Amino acid sequence: MTELSASLPDEIEGLIASGSWAALAAADIDWPDAETVAPELVDLLLELPRNDRVLFFRALPREVAVEVFSELHGKSRDELLVALTDGETRDLLAAMTPDDRTHLLGELPGQATQRLLNLLSAEDLREAQQLLGYPEGSVGRLMTPEYLAVRRSWTVSRALQHIRELGAQKETVDVVFVVDERWHLQDDLPLHKLVLAQPDQRVEEIMDESFVSVEATARADEALRLMQRYDRIALPVVDSSGVLVGIVTVDDVLDFAEQAATEDMQRIGGSIPLHVRYWEASVGLLYRARIGWLAALVLVNLISSSVIALYEN
C-alpha cells in the first residue's frame, strides 16, 4: 500500500490503515489542504479492493472528495462511479447501522453526480438514487441530465454548433445553461438570445448573470413554487457548491406532487399507500394495507366507548 503523506494527521492514517470507513466519515478531524493531498489519496484509493475503494471515497470530506475525483480519469473514474451504486454496495450499506450509513451517504461531488446520471440507465438510476446522498422527496431524486450547457468563454458560433450536435438528445433546448471550467452554474440563456447574437461574440458578452436555480437537497414542492413564481418549465439543479448537476422539469415535479397527494388521500381513507393500481393489488396486499388502520380504529372506538360509559349517568 502507498505510504501516506506525513501531512495527514495520525488519526486519519490509523483509520485508513484499519479500514474504519464509517469512523473516518464521522470523525471531526482537520484535514490538510485538499489539492495537496488529493494525488496521494488517489494512489491509495486505486490500490484498495473494490468495496473498500467505494467506502473510502464516500468517507472523505466533500472538499477532499471533489479534488480526488478531479484527479481520477477515464476507466478508473467510471469504474468507481458504477461501483458506488451497484447492488454489492447497497448490500454493504444495508448491513451498517443507520448512523454509519448516514455518515457515509453524504452529498457526492457535483461532477461525480453528473457523470453518474449519464452512465446509468433510467432503471439503474431509480435503484441507485438513495446512494447519491439526496433525501427522499428532494429535487435530487427527480433530476435528469438531459440539458444543454455551454462555456462562458465559447463564441456564440461554437455554442450553437454544440447545440446542433447534442440538442436532439436533450429533453429541452429552450434554455441553455452557462457554466465555468469546473461546471459552476453562471447563467441561463434563452435559445433565441444565442440565435440572435453575432457569431463571433463570446457567450459571456450576452450574459446578464441573472438566473433561478434550485439545490438538489431542496424539497420538490420548493421547485414547483419557483416554477410557478418565475414561469419556468425547467429549473437547473445545483449542488451545495453551485455545480450544475442536472435539471428538473415541471412534469417530473407534478408527477411527484400527484403521487404525494394520492398517498395522502389513501391515508385519509384508512390505508397505507399502495404503489400499484388498486385493481392490480392482491387480496393479501389490500389486507395488509388496511388491517393496521382498522385495528387502530377499533382500539380508539373501544377506548371512546369506555369513556362514554363512565359518564353515562
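Helices (H or I, at least four residues) and strands (E, at least two) are DSSP runs numbered from the N terminus. The model shown is predicted, so local features need pLDDT of at least 70 and side-chain atom pairs pLDDT 80 or more, whereas totals for chains, interfaces and linings use all residues. Residues are numbered from 1 along each chain as its sequence is written, and side-chain values use heavy atoms, with hydrogens and water left out.

View A. The structure holds one cavity of 30 Å³ or more, and the space in the largest cavity comes to about 40 Å³. On a 1 Å grid over the protein atoms alone, a cavity is a set of points where a 1.4 Å probe fits but cannot get out, a pocket is an open set with protein on both sides within 12 Å along at least five of seven lines, and lining residues have an atom within 4 Å of a point. Points are joined across faces, edges and corners, and the volume is the space filled by probe spheres set on them. The lining of the largest cavity consists of Val54, Leu55, Arg58, Leu84, Thr89, Leu93, Leu105 and Leu131; helix H4 (50-59) and helix H7 (87-94) are the elements that give two or more residues to it. H4 supplies the largest share of this lining, three residues. Sorted by class (nonpolar: Ala, Val, Leu, Ile, Met, Phe, Trp, Tyr, Cys, Pro; charged: Asp, Glu, Lys, Arg; polar: the others, Gly among them), the lining of the largest cavity has six nonpolar, one polar and one charged residues.

View B. At least two lining residues come from each of helix H9 (110-119), strand E1 (149-151) and helix H11 (156-166), with H9 giving the most, four residues. By class, the lining of this pocket has nine nonpolar, four polar and four charged residues. Trp183 is found in the loop between strand E2 (175-179) and strand E3 (185-190), and its phi is near 70 degrees, a positive value in a residue other than glycine.

View C. Asp239 lies in the loop between strand E5 (234-238) and strand E6 (244-249), and is classed as buried (under 20% relative accessible area, 1.4 Å probe, protein chains only; exposed is over 50%, partly exposed in between) because its relative accessible area is 2%. A polar contact (an N or O pair within 3.5 Å, one able to donate a hydrogen and the other to accept it, with sequence-adjacent residues counted only if both atoms are side-chain atoms) of 2.2 Å joins the side chains of Asp239 and Arg62. The side chain of Asp239 also reaches the backbone nitrogen of Val243 at 2.9 Å. Leaving aside neighbours within four places in sequence, Asp239 is in contact (heavy atoms within 4.5 Å) with Arg62, Glu107, Pro109, Gly110, Glu215 and Val245.

**View D. Glu209 and its positive phi.** Glu209 is found in the loop between helix H12 (191-196) and strand E4 (214-215). Its phi is near 55 degrees, a positive value in a residue other than glycine, and Glu209 is partly exposed, with a relative accessible area of 48%.
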